[in-house]
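This briefing goes through one protein model by topic, for a reader who has the sequence and the coordinates open.

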Amino acid sequence: MQKQVNPINETNNDARVLARQLIRTARFGAIGVLQDDGSPLVSRVLVGTDATGNPVILISELSDHTKAIKKNNQVSLLLGEPKKGDPVAHPRISLQGNARLIPKESDQYSNIRARFIARHPKSELYIGFADFQIFQIDAKSANLNGGFGKAFHLKPNDFLSIETKLSMMESEIINIINNQHKDFLSNHAKNNESGWRLIGIDCDGFDVANGDIIDRREFKVPMSEAISPADAIAFLTNSDNLK
């Protein structure tokens, strides 16, 4: 009898970095929900993240997938944009979890809203409409496929970052970097391209955008608890701390 080979690899740091890259650079994804009769429904949604890396989505109460989520909040979210060639040869990640409404009057909402608009500037035109709501997907597990022979089963601590005081200082850090450290942003990009903006920072790395392109850089070691925005900016702009 031929011995079966387990297609799932042992989780390693490369898999963790790839998972964070896929989640934090995603602009959209395919969300799977369960309808009243138990049948599945898949829809395309705009995607952002909270400070830890949990996905957030902006959806209308008028849509079928929002109605389904309000009755059964179990969802799956597929992220990873195919490039040229075979679509299934490119990395993607499927997260499983529960969708949770972020009330507009909550303290968490303002930070998530700002992060979302930074990633999707045009969403500012309609994010305030009465029927649009932000849901956070509290991820419980994930299936990562990094390409042929690179399948992993991940737990939340494999791809989520620890929430620190950075989230409270994030808007100030972003404003300073984007207005006073444009050389740092250009040096980050290939061919010293201009137009890059910092749109998010966490203890494991930071996210930048240029038009519809989103990229991420990881730190060699996680940023320890920053005392002030100046400490965080000094760490962020030190090339020795970047992979």
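Contact is used here for heavy atoms within 4.5 Å. Serine 39, for example, touches Val33 and Leu34 when residues up to four places away in sequence are not counted. The model is a predicted one, in which local features need pLDDT of at least 70 and side-chain atom pairs count only at pLDDT 80 or more, while totals for chains, interfaces and linings use all residues. Residues are numbered from 1 along each chain as its sequence is written, and side-chain values use heavy atoms, with hydrogens and water left out.

**Salt bridges**

- A search of the whole structure finds 12 salt bridges, a salt bridge being a side-chain nitrogen of Lys or Arg within 4 Å of a carboxyl oxygen of Asp or Glu.
- One of them joins the side chains of arginine 20 and glutamate 218, at 2.7 Å from N to O. Because arginine 20 lies in helix H1 (residues 13-24) and glutamate 218 in strand S10 (residues 213-218), this pair ties together parts that are 198 residues apart in sequence. Helices (H or I, at least four residues) and strands (E, at least two) are DSSP runs, numbered from the N terminus.
- Both arginine 20 and glutamate 218 are buried, where buried means under 20% relative accessible area, exposed means over 50%, and partly exposed lies in between, with a 1.4 Å probe and protein chains only.
- Aspartate 202 forms a salt bridge with arginine 24, with 3.3 Å between the closest N and O atoms. Aspartate 202 belongs to strand S8 (residues 197-202) and arginine 24 to helix H1, so the pair ties together parts that are 178 residues apart in sequence.
- Aspartate 202 is buried at a relative accessible area of 2%, and arginine 24 counts as buried at 1%.
- The side chain of aspartate 202 also meets that of arginine 216 in a salt bridge of 3.0 Å, N to O. This pair links distant parts of the chain, 14 residues apart, with aspartate 202 in strand S8 and arginine 216 in strand S10.
- Arginine 216 is buried, its relative accessible area being 4%. Through salt bridges that share partners, Arg20, Arg24, Arg119, Asp202, Asp207, Arg216 and Glu218 are joined into one network.

**Nonpolar cores**

- A nonpolar core is a set of buried Ala, Val, Leu, Ile, Met, Phe, Trp, Tyr and Cys residues joined through side-chain atoms within 4.5 Å. The largest such core has 27 residues, of which Ile31, Ile57, Ile69 and Ile93 touch the most other members. Strand S6 (residues 132-145) gives the most to this core, with five residues.
- Isoleucine 69 is in contact with Ile31, Val33, Ile57, Ile59, Val75, Ala99 and Phe135, its neighbours within four places in sequence being left aside.

**Packing of H5 against H7**

- Two packed helices are described by the angle between their axes and the distance between the axes. The axes of H5 and helix H7 (residues 229-236) come within 9 Å and cross at roughly 65°; axes are lines fitted to C-alpha atoms, for helices over the stretch in contact, and angles run from 0 to 180 degrees between N-to-C directions.
- In this contact, Leu166, Met169, Glu172, Ile173, Ile176 and Ile177 in H5 meet Pro229, Ala232, Ile233 and Leu236 in H7.
- Glutamate 172 is found in helix H5 (residues 166-180) and counts as partly exposed, at 45% relative accessibility. Its C-alpha atom is separated by 28 Å from that of valine 45, 127 residues apart along the chain.

- Glycine 32 has its place in strand S1 (residues 28-34) and counts as partly exposed, at 21% relative accessibility.
- Not counting residues up to four places away in sequence, glycine 32 touches Leu41, Val42, Gln74, Val75 and Ser76. The C-alpha atoms of glycine 32 and proline 91, 59 residues apart along the chain, are separated by 19 Å.
- Serine 39 is placed in the loop between S1 and strand S2 (40-49), and is partly exposed with a relative accessible area of 24%. From C-alpha to C-alpha, serine 39 and aspartate 86 are 29 Å apart in space and 47 residues apart in sequence.
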